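Dear colleague,

I am handing over the structure we spoke about, and my notes on it follow below. Please read them with the model open beside you.

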Amino acid sequence: MAFDNIRLEKSMYREAGKTFTQVLESLDASENYRGTALEHTDAFQRQLSRFGIACKGPRSSQVEKFFATFQSAVLFPEYVARCVRQGMEENDILPAICATTTVIDAMDYRAIYSVPTEDEKSLKSVGEGAQIPATTIRTKENLIKLHKRGRMLVASYEAIRFQKLDLFSVMLRQIGAQIQAQHVADAVDVLVNGDGNNNAATAYAVGTSPIGGTSGTLTYDELVEFWAQFDPYEMNTMIAPTSGFLALLKLDELQNPLTGLNFQGTGKLENPLGAQLLRSDAVASGKLLGLDRRYALEMVCAGDVSVEFDKLIDRQLERAAISSISGFAKICDNASASLTI
């Protein structure tokens, strides 16, 4: 078959604008395998099959299987990247808080925004020949900061050569989870403090107008008052640290039998006021962060997961950096707010 005759080279990782898998797909298109036993595989998975490398199950190969030949060693960086990416996607809350994701091929990015006045937000009838009300979209004054987050993979080949890939992938997924936790912390920081363009979220506190109650204590009344501050937006998502989860769990209104069954069975709390509740200790203790996920945040990515492929291929691990570059921009300034209990 076609995939048996492909010559694998390190240069496949250097093609501009393409990932390693995309380069393979250009040489061995998956559409050619429709109706065959390989229909549900991609070009990279077919290369693993070519060299007899099994990544999962009780018969998973040992790490040294990748380094049996130079060509099979070329596959190792992509395997590492895929495992790290899988760890980033597990329990990832960014899709639940970002309105859109922008992929760029640069390190600088200038976002756009629109801050309508009260007059512009009002619904007006337009008479014949009258001027139609306008909404102005502008570019932000300051560039959006992109952060490179990553981990250094340090391991001698002798230490892991006989380890099963199934187990090794767990270590790599953990690295991905750690990288993603840093990205989530960056997103929360932008939601709370803004993206450097004077657009920090409005901060409310229990016991301080317009939120009633007593500082240090959260009741259902204060939660409703916080929800009411989002007009004309909608508080459809809340991010809370562990302390915030505890405060919400203690509310009488959330202690009905159905809530208890759901929490005990799934570990997920019933959505307060219809808002999806997400847990992240990136939010400061004693605070709740509310947002309208449709309008609050833009995620900006500079490429995919990056792996130092030269070191992984030539030096068989030793030290190799794994990284991901992303940043976040506020879209609508008033679509997020914080509440200090």
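How many aromatic pairs does the structure hold? It holds eleven, where rings of Phe, Tyr and Trp (its six-membered ring) pair if their centres lie within 6.5 Å, and planes under 30 degrees apart count as stacked, over 60 as edge-to-face and the rest as tilted. In one of them, the ring centres of Phe67 and Tyr157 are 5.4 Å apart and the planes stand at 75°, so this pair is edge-to-face. Phe67 sits in the loop between helix H2 (43-50) and helix H3 (70-74), and Tyr157 in helix H7 (residues 157-160), so the pair ties together parts that are 90 residues apart in sequence; helices (H or I, at least four residues) and strands (E, at least two) are DSSP runs numbered from the N terminus.

Please keep in mind that this is a predicted model, in which local features need pLDDT of at least 70 and side-chain atom pairs count only at pLDDT 80 or more, while totals for chains, interfaces and linings use all residues. Residues are numbered from 1 along each chain as its sequence is written, and side-chain values use heavy atoms, with hydrogens and water left out.

Turning to the strands, an open sheet of five has the order E5-E12-E8-E6-E7 with mixed pairing, two strands being paired if DSSP finds at least two bridges between them. Strand E5 (202-205) and strand E7 (276-279) stand at the edges with a single partner strand each, so one side of each is left without a neighbour in the sheet. Strand E6 (residues 237-240) pairs with E7 in the parallel sense over four bridges, and Thr237 has Gln276 in E7 as its bridge partner.

Two cis peptide bonds may interest you. One runs from Ser209 to Pro210, with omega near 10°, and Pro210 is found in the loop between E5 and helix H9 (220-228). Another joins Asp231 and Pro232, with omega about 10°, and Pro232 lies in the loop between H9 and E6. As for the backbone elsewhere, Asn91, a residue other than glycine, has a positive phi near 55°, and its place is in the loop between H4 and helix H5 (94-97).
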